[in-house]
Amino acid sequence: MTVENASVSIKNLDLSFGAVKVLQNLNLDIVDGEFLVLLGSSGCGKSTLLNVIAGLLEPTDGQIWIKGKNVTWAEPSERGIGMVFQSYALYPQMTVEGNLTFGLRNARVPKDEIKRRVARAAEILQIEPLLKRKPGALSGGQRQRVAIGRALVRDVDVFLFDEPLSNLDAKLRADLRVELKLLHNNLENTMIYVTHDQVEAMTLADRIAIMKGGKIMQLGTPAEIYGTPQNKYVADFIGSPSMTFYDGTVDGTVMKIEGHDLPLGAYQFTNRPGPGTPATIGIRPEHVMTGDNLRSAPYQTDITVDLVEPMGSDTLIYCHLAGQPFRFRMDGSAVVRKGERITIGIDPARASIFDKDTEERL
Amino acid sequence: MTMTDSRPDAGRSAVTRRPMRLFRNLSSKLALMPLIFTAVVIFLGGTIWTIVYSFTSSGLLPRLNWDGLSQYERLWSSRKWIVSIENLAIYGFFSLIGTLVVGFTLAALLDRKIRGEAVFRSIFLYPFALSFIVTGLVWQWILNPELGLQNVVREWGWTSFNFDPLNNPEIVMFGLLIAGLWQGTGLIMCIMLAGLRGIDEDIWKAARVDGIGTVKTYIRIIIPMMRPVFVTSLVLIGAGIVKLYDLVVAQTSGGPGISSEVPAKYVMTAMFGGQNLGQGFAASTMMLVMVFIILIPWAYLEFGGRKNG
Amino acid sequence: MADIGILAATKSAEHPVYRMIDGPRGAKPKNRFSRANIIVYGTLFVVALYYALPLYVMIVTSLKGLPEIRVGNIFAPPLEVTFQPWVKAWQEACTGINCDGLSRGFWNSVRILIPSLILSVAIASINGYALSMWKFRGSEVFFTILMIGAFIPYQVMLYPIVILLREAGLYGSLTGLVLVHVAFGMPINTLLFRNYFASIPEELFKAARVDGAGFWAIFFRIMLPMSLPIFVVAVIIQVTGIWNDFLFGVTYISSPDRYPMTVQLNNIVNSVQGVKEYNVNMAATLLTGLVPLVIYFASGKLFVRGIAAGAVKG
């Protein structure tokens, strides 16, 4: 990808506060109209990166390009971005309309143009009845709509979202998530979205960048991130409950872990390791087969049920496998009791194998 | 404000205007000019100036004729200065203990969810709104031996009652202390009350379930939890004690004789009364040293300890 | 006791069997005159007397005639109320130099207070805003020096300021004293505003920057409208502080004509000439204390909040 068709392009970005390196030699190109999610646990640098893109933090080194312009030293308001914050950050003493128009008035946009843009944003977000109210009189969901509206009226190419749904309750969050997706489909703007919630990331993103320690661990579509995590960190981070990992060795077409030899016939190696390579295999709870599906499983074994956790739609089973705790997911209608012995099947082709030392995918 | 350089591979050096370091955030720097002037010229500069001139023989006017430590030698051989220091030590010790004990006790009593808390609080705190001059003059009047408190108690029948601190060199500092505590304990009570209110309600619930008595809960659990509040109070009281001046001027004028002199008053007399600037500078430098003796352990505990922890 | 629990769980409260059982039920009765309550209220009441007494003594003494004071008891209410001492304190009391009462000092204090108040609150609010939202290399250093300066005894800096004011031709004038008040009020008020602005969500500031607002636009259009309560607190701190000042007034005002009220009050009461007129003295003392007392009783909780904010975080 070249800078021309990139909407936002980050080149060799470094940011340190004193001796602490928050972002390290970061490179990222975001395509025009793409919905990119920056995902990671707190302190991974995702919000910092967003603030650097917005111009609210200065990088130590490197460049930011937006729409083919180097904006590294430009003011936030000059960058052609709109931003939506976690705490909404609405100006409490201004009406909704005042909030929406503050930036336009600062930029001395003509009055009728302001009117037109506010009307359009209010219509898209269905906040027309709220325009004369103060933020204090709005619910959380309404406030966040206004905050999105404030970005919308700026008529910009790039929207930045900093955990915009985190302050909302679970139901509202799910509703607004869908609305955001629809908004993106309508506007086709570039959107960069920071979150620590993997459900938001998986549902919203065209591509996800998983960050850790100021570096991008993997950049890919949700399916790639989920199906072929590039390293153990990503594998562990994505999926709930997360993968169970077993240390062992890869020997040709067999992965040896304590007491079990898993056949690797169908596993797509990225780079095939030599015989006896120490490796780690990660198995997702939802990829364990039981009951009728067992027939297609390349490997079967018996376990004793330690604990049953019914979740409604499905049921989590806790047990021990190869000397360590193991859990897997069954259909919610399955009837299993503690102490029962059942047969489970594992398909190593759907598992992920990592080099034990580098923790990179094999 | 357009970015002119849009070549995809433009080198880092080729990019437009990086503002000069000095002019970045310029509005903020200009807005802070009064602060910078006050901090650097008045506070820092003034302090250094006084310390430097305390080593000179300045009299009526400040002059840079070096005189070594002789101002300090004269200071410490002055009877009035020694009395001032002793007085400050007595006042400081009892004021510190008294303010902390009274302030905490009142705060704890007010924290017992009592009726009329607001009324009691206003009564305890209003003296803090008054100046030391007003405080000193009122208590001078109340402690007036012929017409004040002593006279009233004698009229009530206790004819041998004797309480005349303002005319008795032995206890004059306690006369000042009564007024000082009256003026200042309300502040500490308020701070302590804020501290008590900041303590998690669940602590009280846990202590109640464990069957620990109220007084014991305060002593064993609450007070240790309020360490930062006590430290703040200590610093405030300490800084106030060293500055003690107006109260003495109004209530006793340093008398009887020199028996209620304090360092701040010594400085003022030397500088503006006695045309003896060098003495004033040396004495005020000693006051600065006293403050540092109070502040350094605190600063060490507050900031030094945190780095290790 | 266990069977009560079972009964309560199984039978409704109206059930006759339940009512027949004796034992604790409902709210535990409280004894308003318990020993603990007597100790708590007793202590508070006695201590409240100690705090309230001086104000009471000031008021009653100022309303008595001199003969009544000489024979009577300072705690006794006036037999014959007279406002003569108040009139005299305001118009005629002598400082030893002139005899036109405290009114002169009052107006001097007003002329010192108003510009000091406006300047110091304006500067402190801008300081607090700049220090919390527009930090630059070194800004924290200057702030630290300022805060350490708050602990330095004033006596250390008095004389250098005399020199600075003399160089500026302001020594002895009210303007000079105003500047001194602005400088010495700066640490506490800057701290107050800095802590307040630091508590405003940073995202609000970021949003305003994305909206293209600069240093002054954010200050005047976003931050100021949000910070009315803290301005009230700062005004309370400054009014009481400046009104109650004695040291700076006595140091930087060269002519008794321009002395602030506290200095004049002290000169009136502690002047050695003539007969001591205790009633006039107390009226004068009350008059001097009136401004901060009115502020105190009018502001109520904000005063408490002000000193708590200034002190606990300091």
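Visitor: How many helices and how many strands does the secondary structure of chain C come to?

Guide: Please keep in mind that this is a predicted model. The secondary structure of chain C amounts to 16 helices and 0 strands.

Visitor: What percentage of the residues in chain C is buried?

Guide: Of the 314 residues in chain C, 45% are buried. The contacts in this chain can be read by separation in sequence: among those between residues at least 6 apart, 73% join residues at least 24 apart.

Visitor: How many of the residues of α12(C) are buried?

Guide: Begin with the general idea. An α-helix has 3.6 residues a turn, so residues three or four places apart point the same way. In α12(C), 12 of the 17 residues are buried, so this helix is largely enclosed by the rest of the structure. Among them are C:I230, C:V233, C:A234, C:I236 and C:I237. The stretch from C:Q238 through C:V239, C:T240, C:G241, C:I242 and C:W243 to C:N244 is buried as well.

Visitor: Into which domains is chain C divided?

Guide: Chain C has domain 1 (35–82) and domain 2 (103–311). Taken over C-alpha atoms, the centres of domain 1 and domain 2 of chain C are separated by 33 Å. Domain 1 of chain C gives 8 residues to the contact, and domain 2 of chain C gives 7 residues.

Visitor: Which helices supply the side of domain 1 of chain C that touches domain 2 of chain C?

Guide: Both α3 (35–62) and α4 (66–71) of chain C supply at least two residues each. The largest share of that side, 4 residues, comes from α3(C). By class, that side of domain 1 of chain C divides into 4 nonpolar, 3 polar and 1 charged.

Visitor: How many residues do chain B and chain C bring to their contact?

Guide: Chain B brings 73 residues and chain C brings 68 residues. On the chain B side, helix α2 (residues 33–53) of chain B gives the largest share, 14 residues. The side of chain B that touches chain C holds 53 nonpolar, 15 polar and 5 charged residues.

Visitor: How far apart do the C-alpha centres of domain 1 and domain 2 of chain A lie?

Guide: Chain A is divided into domain 1 (3–236) and domain 2 (241–355), and their C-alpha centres lie 38 Å apart. In the contact, 5 residues of domain 1 of chain A meet 6 residues of domain 2 of chain A.

Visitor: In which sense, parallel or antiparallel, do strand β3 of chain A and β8(A) pair?

Guide: Strand β3 (residues 35–39) of chain A pairs with β8(A) in the parallel sense over 5 bridges, with A:T195 as the bridge partner of A:L39. Strand β7 (residues 158–162) of chain A also pairs with β8(A) in the parallel sense over 5 bridges. There, A:V194 is the bridge partner of A:D162. From β7(A) the chain crosses through helix α5 (residues 170–187) of chain A to β8(A), in a right-handed β-α-β crossover.

Conventions:
Residues numbered from 1 in each chain as written. Chains lettered and ligands numbered in written order. Predicted model: local features only at pLDDT ≥ 70, side-chain atom pairs only at ≥ 80, totals over all residues. Buried ≥ 20, exposed ≤ 12 C-beta atoms within 10 Å, placed from the backbone. Contact = placed C-beta atoms within 7 Å. Domains from an automatic or database assignment. Nonpolar A, V, L, I, M, F, W, Y, C, P; charged D, E, K, R; others polar. Pairing = 2+ DSSP bridges. Right-handed = clockwise from strand over helix to strand, strands pointing away.
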